[in-house]
Every structure is written in C-alpha cells, then in structure tokens.
Amino acid sequence: MGQRSEKRQGIKRDTGHADVSPARESHEDIRTGTSAVALKQAILDNLNYLQGKIAELATKKDWYMAVAYTVRDRMIEHIMRSLKELRRPEVKIASYLSAEFLTGPHLGNNLLNIGLTDRVREALKELGLELEDLLNQEEEPGLGNGGLGRLAACYMDSLASLNVPAIGYGIRYEFGIFDQEIRDGWQVEKTDKWLSLGNPWEICRHEIAYYVNFGGRTEQYRDDEGHFRARWVPERVIKGIAYDTAVPPYRGEGVNLLRLWKSEAVESFDFQAFNVGDYYKAVDEKVISETVSKVLYPNDEPEIGKTLRLAQQYFFVSCSLQDMISILMLRGKKIETFHESFAVQLNDTHPSIAVAELMRLLIDEHLMDWEEAWKITQQTMAYTNHTLLPEALEKWSLPLFSRSLPRHLEIIYEINRRFLEEVRLTFPGDDGRLARLSIIDESGEKYVRMAHLASVGSHRINGVAALHSDLLTKTVLKDLYDIYPDRFMNVTNGVTPRRWIALSNMGLTELLTAKIGDRWIKHFEDEIKKIAAFADDPGFLQKWAKIKQSNKSRLASIIREKTGITVDPDSLFDIQVKRIHEYKRQHLNVLHIITLYNRIKKTPGKKIVPRTFIFGGKAAPGYFMAKLIIKLINSVGEVVNNDPDVAGRLKVAFFPDFNVKNAHNVYPAADLSEQISTAGLEASGTGNMKFSMNGALTIGTLDGANVEIREEVGPENFFLFGLTASEVRDLKAKGYCPRNYYDSNAYLREALDQIGSGYFSRGDAELFRPLVDNLLNHDPFLLLADYQAYIDCQDQVSSAYRNQKRWMRMSVLNVAGMGKFSSDRSIREYCTNVWKIKPVKRV
C-alpha cells in the first residue's frame, strides 16, 4: 500500500521524474495498454509487485525483469487465444521436435515483433533508463548449441509469422552446454546458469504433466478379445512438467508455443525414509529424476553419459506425444485421426525414438492393431537429416537400449522384421543390402541405428541444402533411397530476417526501409531483390559503406572490452564464427594468416590490405583436436599481434563465448564470411546466410548451402575455391598423400614447420605436434590439398577490397540475392510438401 500511495502522490524517485499515473487517470489498462504512458506505469507496477523493489534500490536486472513482464503481459491475450485454437478440431498442428532451440534473447525480438520497441524506449527514457542497457541484462537461454538449435528457433519465428499453428517441443535444460572463457589461449568451460535469476518469459503449466517410464521389463498377455498384447513394467517413473514460452508473429495476431519439458520426481520426498534418519534417501528420487533435464548434451563418453542422453531424448519425445494425444482428446476426436491433427517433424535423429514411442502409445495404451498404428505413425512422422558424417548418425548399443527402453526394443525388432521382409521382396538374394538396411547393426557390437528408424517410420525424409540432399541419396542413406525414392526431398535451410537484420542491424534496416519500404521484413523473398536497383547509385553505396563502418566500430569496441585486443575498423574484417571442428577447417584459415605474416616478415615494406581475423565458436569439451585449434588461433594471434613488423596490417582476435546475443554484433560487421569446410561435409550451414544477409561477401567451397548462395548472388560476387565434393571423393579413392603437398609447396611447408617448431608456442615444439602430425600423415579434411587454391582466392579478395566502390556493389548484390534464404520460404515448403498444413486466419 505504501508504494501505491507514494506513486499517487507523485513522489520523486532517484530518476528525477515525478511518478504520476496518467494511464490510470485515462482508464488505459495497465496490463494491456500500449502507449508510452501505460507502459511506464506497467513497468513501475511490475518492479514493485513482481520484483518487490522500489526504484531507488532496483538493479538493472530488476528493471529488465519488470520490462520483460510488461511485454509478456501484452502477449497474454494472444497466448489465451492460441490455447483455444489448439482445441479447434479442424486445425492441423505442426509439432516440431528438437533437442535444441537456440532462441537467443527474447526481449528485443518480442518488442520488434509486437511493434513496441520505440514506445518502450520512450517509457524507459522517462524513467531515466536506456533500453539497450536492459537488453544487455538478459541471459542467453541455454537451450541449444549451434546451427541445429538456431534453425529450430528461426523456424518457430517463421511458423508464427506465417500463421501456421505450431508447437515446438523440447527440453527445459536447467544448464546450457557451457559458457566459454579463454585462459592462456585455451578454452575453459564454465557452468551456464542461465536460469539462476529466473526466466520471465516462461509460464509453468503444472497441470500439464505426463509420466515417463524407464527400465524394467515387459509382460505378454492376451486381451479380452484374444489379441496378443504387451505390458511395460518399469523400474522407474518420472514426471514431465510443461513450460510454455510464447513465440509471437511479426506484427500479427496470436502466438505459437515453445513447450519445453522439465523432469521431476513423481514423489519428490520420501517421508518414511526421512523419519528413520535416512535424509539422503528421502530426496534421492527427486535428485535422480531431475537429472534428466539438468544439462544440455551431457558428456556421452562414459556409459552413464550415454544412458542419460538416451533418457533425455525419450523423455521429451514421450511427453510431447502424450501431450498431442491429450490435445486430440480435448478436441473430441478419435485416436485413429491422430495424423489428421498433427504433423510431427523430427529435427535430426535425436527425437527419432518418436517412431517407436508413437507405436507403443497406439498399440499398448490405445489397443490399436499393428497395421493401423503403423499407417498412422508413418503418415504423422517426417525426418530431417542434418549430417553427411556417418559417425554423426546416432546409434545406441543394444544392451544400453534394452536396459533403458525394453518395450521399445521389442517394437523396433518388429518394425525391423517387417521392413526387412519388404526389402527381401524388393531385392531378393541381396544379403549385403539387408545387413546395411537393417535398423539393427549387427556388423560387430550390436546397435540400434536411429537414422534408419526415423527413415523407415517417416513418410518424408529431407536434406537441408540441394547438394546435401543429393549426397544423402548417394552416400549415407543410399540404400534407403533405393527402396523409398519417393520419400526423399530437399528443403534448403533458411534464417529469419527479423532477428538477423531488423533486430541486429538497425542501420541497414533503416536504409532498406527508406529505399524499398518495410514489406521486406515479412516478405523477404519477394521484396529484398528490389535493392539491387541501387547497386550503382553512388549516394546509396556511400550510405551502405557508412553503415558497415559503424557496425565494425561497434564490434571493435566489444572486442577490446572482451579480449583487450585493439582492432582497426578500417581494416578488412575477415570473420569465421561457428562450432570448432576439423571439417569446418578453422586451421586452414590460420595457415593463411601465417602465410600473410611470413610475406610481411620477408618484405616489411610490402603494401597489403590490412586485415582483422576474427574467430568465434565452441569446441566440444571432449574434442581434443578442436580445443587445440582454439589454442593455435590464440597462439598465432599472440605472435602476430605483438610483432612490430606487422603493426597496423594484421590482427587476430578470438571472440569468446560466441552465441546468439554476441552474433547480433558480429554478423553485421563482417566484410568477409569464411565458409571453408571440406566440400561434401557441411549439410547446409546457416551462418553463411546470416553473413550474406548483412552484406558480407563469402569465400567458400562448393559445400552445403554455399552452392545455392553462389547461384543466387551471382558467381562474380562470391569467392570460390577448392575441390568439389566429387573431386574430394576421387582424390581419397586414389589414395590421398598430404605429405606430397607439403613437399611441393614452400609456403605451406614453412607455415607447418613454424607451427611444429614451437615458433607460435613460446618454443614448445610438442604443443601442436598432434595437429601437425595429423595434417602431414592423415589430413582427413584435405587442408593441404586446398591450401594453395585458398591462398590464391584470398589474394583475389584483397584485390577486390582495394576497390571499395566495387566491393560495396558486390555487398549490395549479396543482400539482394538472399531472398531464397528466408526461413519463411523453408516453412512454406514444409507446409506444402511435407505437412500438408495451411495457415489459419487469426483474429
């Protein structure tokens, strides 16, 4: 009461502004009003009543939370409307199952989509606050790791903006993968405690809870009608609780839901154990159960880690499918119509246990016969493959699977038996094909092949770039393609222009809107091409260059703050940010840096285009070679950055803890985008699209979506180098000898010898020996074969950059050609060709 009367009396706060309540005087609803006056009052109310703080004692985090609750309040009506929409029997829902949803910060994106950015900024100014300061308070949601999770988040944005009813299903991880620090050049993993101060965007739905079984045994019996049935008697049961986050459309009505599951114990406290003094046992069930949703991607090297990974996947899949059935029942529809109400998309192999789980629910819980259940399952499921690396196709050892999910293994055996009978009829006498196609890998230790299960149980299988989809049918899934050619298709990935231009590149957004209007934000594919008409306009190019320079200056300040390294915004910003992996070839980039460094050392007066090399990305904690590459980048940077001979011409910076929040500043500042993976190994990539959307030029191989980007922006606006996927296969088939390239190329030999001698490691010749030996004796990703072509192509980059008018023209044409790579286009293709879903009219 004291705070309310204080506000009504107009008492001054530390902001120096009178705290009056004109919103109440004008009867504007404080919960839903959208004027700056109403928003200001709502922020103060939420600060008082939800954060329990007065303005004088509030931290920036408190103000952020108050603003977040204020924005969420303006979305609640749409959330309620969408919950009603889920009950409409005629509406088909896209259910997107993904182990990751790398959403990025919510506040800025939600303000953009609901159109309140300027008014909230105005309200905060009256309170003596800056919106940008509060945006920086938001924790990055630890719900994903890389491209897979970011793709899922972009697709959720597009589903909402296209009015396609959808639920994204995943896990509410308490801890993200890790926060990355760099110490003495090495990656150090720190716990990602993203939920420690609360998450104002989620709504806990305690009433939406499902039981999930693990372990135990099965029992066979015959039902009243004499049908053979199975009963699962589990060893352990946990409970999944739903947490909903609204996904608003861009300037539209309604929202979609991101529904994440938190694991809890069925009984979290054993009172009897407590009474007899066994205090640990009293909470034992709670600790064990909550472990399932504790951390994103636990280390799966030990057996217990593998068990937990499988448990996580089954947990969220089971909760999600049970939730869909519950929605179906609320609609008053029969279980036989499940596929008419839901289209389930499996985002990679992590949720592929859904095939067996839906079968279990239909035949064990709803007593459906096998044939009908299988027909419904196949009509419901669709599978997106994201990898061409055979070792990345998930599989589980039979003993582990049997211990964890005994009933599902029985179901998989039956699916496999029926499937192999079909194969025998199609390819009689081909035992080799049978062995390759079997869902159970029996070539050594027996495994369940999850990609095979997903493919057999789905009516559509898609790759994520034209090249990737083509290679799928010729390599890792060739045998499945031979038997089910009509199931395979391509849906090239896309990214949302709302987050990746409109939110993160304000200068470019304003310039585009001034020239072609603002329809491009929601109709990117059709509208962005219009900007090409200004590619030869000197005044326009000058403004374009000024925006890029401003973005580079901002990033330079952030790099100095985070790393202590001073970089020159006038230099060419050459950026490679992505997960650290040998096939992505960050170390090829390093070889180029060393080559440039050596050129300068030999001819110190030589004029070169000044460059700043910026790296970012995380290495998996157990991936030694990737962590060694991070150390190499930083070690080379230490030498280059401190050598007076190269001062002002070369700088190397590793941007720590690269994530969506940091990406907002990185993509808009890039001059050159490094997309240099070995051809035939990158499924698609989405970073390549974000860079190009923001006017960066690409240097890359014909890999993943690079192929299509080059086609769309024009070959003359793309720096191409390296072996093609077919040339890579041919070279390996003939017997690739990397040492031959080392022996025949003096510049390559010099660079590798410097790394191996300790030149970049303070004299420690052993530090990078594993990396050098691997390149000279194995080089599985053909760095040495592509080295000279890469160096030559980089020289072309430098030559082009010297002509700034030409460079800016190429930059404009890159943006103009990116319409195809909007996630809106991808989602329309899924709706038409996979899910058979039409947008709904939301009012």
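Before you start clicking, one term: a residue is buried when its relative accessible area is under 20%, exposed when it is over 50%, and partly exposed in between (1.4 Å probe, protein chains only). Trp232, for example, counts as buried at 10% relative accessibility.

What you have open is a predicted model, in which local features need pLDDT of at least 70 and side-chain atom pairs count only at pLDDT 80 or more, while totals for chains, interfaces and linings use all residues. Residues are numbered from 1 along each chain as its sequence is written, and side-chain values use heavy atoms, with hydrogens and water left out.

**Stop 1: colour by confidence.** pLDDT is the predictor's confidence in each residue, from 0 to 100. The protein's mean is 94, and 95% of its residues reach 70 or more. Now select residues 1–20, where pLDDT stays under 50.

**Stop 2: the rings around Tyr314.** Rings of Phe, Tyr and Trp (its six-membered ring) pair if their centres lie within 6.5 Å; planes under 30 degrees apart count as stacked, over 60 as edge-to-face and the rest as tilted. The structure holds 24 aromatic pairs. One of them is Phe214 with Tyr314, an edge-to-face pair at 5.8 Å centre to centre with 85 degrees between the planes. Phe214 belongs to strand S5 (residues 202–214) and Tyr314 to helix H12 (residues 303–330), so this pair links parts of the chain 100 residues apart. Helices (H or I, at least four residues) and strands (E, at least two) are DSSP runs, numbered from the N terminus. Phe214 is buried at 6% relative accessibility, and Tyr314 is buried at 1%. Next, look at Trp232 and Tyr314: their ring centres are 6.2 Å apart and their planes stand at 50 degrees, so the pair is tilted. Because Trp232 sits in strand S7 and Tyr314 in helix H12, this pair ties together parts that are 82 residues apart in sequence.

For another group of rings, select Tyr96, Phe101, Tyr155, Tyr830 and Trp835, which ring pairs link into a cluster.

Stop 3: Follow S7 back to its partner, S6. The two strands run antiparallel and are joined by 6 bridges; strands pair if DSSP finds at least two bridges between them. Arg222 has Phe228 in S7 as its bridge partner. Between the strands of this hairpin are 5 residues, and Gly226 takes a positive phi near 85 degrees. Gly226 is partly exposed, with a relative accessible area of 37%.

Stop 4: Most residues other than glycine have a negative phi. Arg251 is in the loop between strand S8 (236–247) and strand S9 (256–265), and is partly exposed at 46%. Then try Asp779, with a positive phi of about 45 degrees. Asp779 is in the loop between helix H34 (769–777) and helix H35 (783–802), and is buried at 1%.

Stop 5: From Gly226, jump to Phe655, 66 Å away C-alpha to C-alpha. Here, look for an open sheet of 6 strands in the order S19-S18-S17-S20-S21-S22, with parallel pairing. Strand S19 (650–655) and strand S22 (719–720) are at the edges, each with a single partner strand, so one side of each has no neighbour in the sheet. S18 (residues 611–616) and S19 are joined by 6 bridges, and Phe613 stands opposite Val652 in S19.

**Last stop: cysteines.** How many disulfides does a search of the whole structure find? It finds 0, a disulfide being a pair of cysteine sulfur atoms within 2.5 Å. For Cys204, the nearest cysteine sulfur, that of Cys319, is 13 Å away.

Definitions and conventions: Contact = heavy atoms within 4.5 Å.
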